[in-house]
Amino acid sequence: MAMNVFLLTSLLYEKNYHPITIPRNLWGKGKSLVNNNLCMPPQEEGEANTVCAVDDPSHNMIVATAGGQATCSGHGYYVGNNVSPSQPALNGGFCKCHACFTDHNCSTLVSDCVLNLDHGDPTMFESFWIENAQKSAIVILGWQLMSYFADVGNVCWFLEPELAKEIRSLHSLVGNAVTKGRHLVVGTGSTQLFQAALYALSPPGRSKPTNVISAAPYYSSYPVVTDYLKSEIYRWAGDAWMYKQTSNEDYYIELVTSPNNPDGFTREAVVNGSGPVIYDLAYYWPHYTPITAPADQDLMLFTVSKSTGHAGSRIGWAIVKDLEVAKKMTKYIELNTIGVSKDSQLRATRILHSVSSSYAGESIFDRQGDSSTGQEHRVFHHGSALMSERWNSLRDAVSLNRRFTLPVFEPGFCTFFRRHTTPRPAFAWLKCEGKEDEDCEKLLKSNRIISRSGRHFGAPQTYVRLSIIDRNQTFNLLLDRLSTIH
Ligand code: PMP
């Protein structure tokens, strides 16, 4: 059997197929192996994919379809017919090029293109998952995951128990959050959970809405997400520093992002009054910041968007101490979307499992060494090496130029890597220093770089936020541009 797996895998790679592994029981009851362990040609007229499958020794199925990332010069996605991935135009397939690339196979760089670094789109992780495609793939068959319900005995009845298990074991591996004895609530991204938390923590029946505050510079989505439905139970009340000085602590909810978006610094609550605090820990992972202790706050939010880069799956989770708060958050999601996509939950389960299993059997001392980005199968090592490289080259590019400065971070001891690491945030909080550059966003725009102005974060417009978790090519173009603005 092992020989069959080897033969099939080599054959698939040779043919530019991308094999994936799925649990045997997902393949379908009573379905026999395809063509005695080899490839199944298209079954129906018009069906392009050849599917290959084989039982592996651990009773998983290795299934593969042709085509994928090896095409489009590494600068685009191959879309459509998979028969001839090396010549995309044949048989109706085509290349959808990433930003700044063009041509039928995305091989031409448009060097004066506009670089959009406004959003924190985590496409930097794509190359890691291409290298680790096999262990992170899932196949969902038509009859699976059809019910609304996942775990009716649990507070969060739509949370898949396998996902809950993987979330708890990943936090225990990384040491970044306490989950024992805590309730988990899954959400359509942590954005939905943030709204569910506001709903759950705002006391009903008050004459005035609860004030929602966060210390500036705060994550720019907080004000807009809080106010877009003009809720009667909560409203955005701005900078927590100002609130602390000017209010007599009327009922409030404080939002703390740590490490902070946009500036990357570690944070605590600033008001320290009677109001509840929502801790948004989207970036409390070892590739961005030293993990100093397991976080153990009353309500903490996490997301796959920034931990593994799977923003498109829209999966986040809340770790909640209080049962009643967890119940109300669950109620919000029930009323809002009747649960959370099970397809996405299954994918997140697979991804988190592959992250944890890449560290299985390792002693914590094995984690200490430096790693390089190529061939690395451990996501935090890969991410950490890549982010360090990026911050070093970003600082070099900015130092060539007196017009900009970047925040400076102190190293801290990371209990996950067992060594000191320096924060390497997902965003560069860039300050324009020139007297003539009061509007930093405008200066960058004139150099074809789209950034997000400090004013969206409750900060001066001499600051901008730039995403540095985009693809390599985009990041390298950013470096070129920044170093040539004089
Ligand atoms: N919180 C913070 C601090 C973020 O930066 C982001 C993404 N930009 C989110 C939450 C949103 O996460 P999700 O994709 O899970 O909704």
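The structure described here is a predicted model.

By this criterion, Asn476, Asp480 and Thr484 are exposed on one side of helix H13. On the other side of the helix from these residues, burial involves Thr474, Phe475, Leu477, Leu478 and Leu482. Viewed along the axis of H13, the buried residues fall within an arc of 160°, so they line one face of the helix. An α-helix has 3.6 residues a turn, so residues three or four places apart point the same way. Helix H13 itself comprises 13 residues, 472-484, and spans 19 Å between its first and last C-alpha, close to the 18 Å expected at 1.5 Å a residue.

Strand S13 (residues 252-257) shows burial on both faces. Six of its six residues are buried, so the strand is largely enclosed by the rest of the structure. Tyr252, Glu254 and Val256 lie on one side, and Ile253, Leu255 and Thr257 on the other. In a regular strand the side chains alternate between the two faces of the sheet. S13 pairs in the parallel sense with strand S11 (residues 210-214) over four bridges, and Ile253 of S13 is the bridge partner of Val212. Parallel pairing over four bridges also links S13 to strand S14 (residues 277-280), where Ile278 stands opposite Leu255.

A separate description applies to the open sheet of four strands, in which the order is S17-S20-S23-S22 and the pairing is antiparallel. The partner of S17 is strand S20 (residues 427-432), to which S17 is joined in the antiparallel sense by two bridges. Within this pair, Thr405 has Lys431 of S20 as its bridge partner.

The ligand is surrounded by 13 residues, of which Gly189, Ser190, Thr191, Thr303 and Ser305 are the closest. Helix H5 (residues 189-201) provides the largest share of this shell, with three residues. In terms of class, nine residues of the shell are polar, three are nonpolar and one is charged.

Methods: Residues are numbered from 1 along each chain as its sequence is written. This is a predicted model: local features need pLDDT of at least 70, side-chain atom pairs count only at pLDDT 80 or more; totals for chains, interfaces and linings use all residues. A residue is near a molecule or strand if its C-beta atom, placed from the backbone, lies within 6 Å of it. Ala, Val, Leu, Ile, Met, Phe, Trp, Tyr, Cys and Pro count as nonpolar, Asp, Glu, Lys and Arg as charged, and the others, Gly among them, as polar. The expected span of a helix is 1.5 Å times one less than its number of residues. A residue is buried if 20 or more other C-beta atoms lie within 10 Å of its own, exposed if 12 or fewer, and partly exposed in between; C-beta atoms are placed from the backbone. The arc is that of the directions from the helix axis to the C-beta atoms. Two strands pair if DSSP finds at least two bridges between them.
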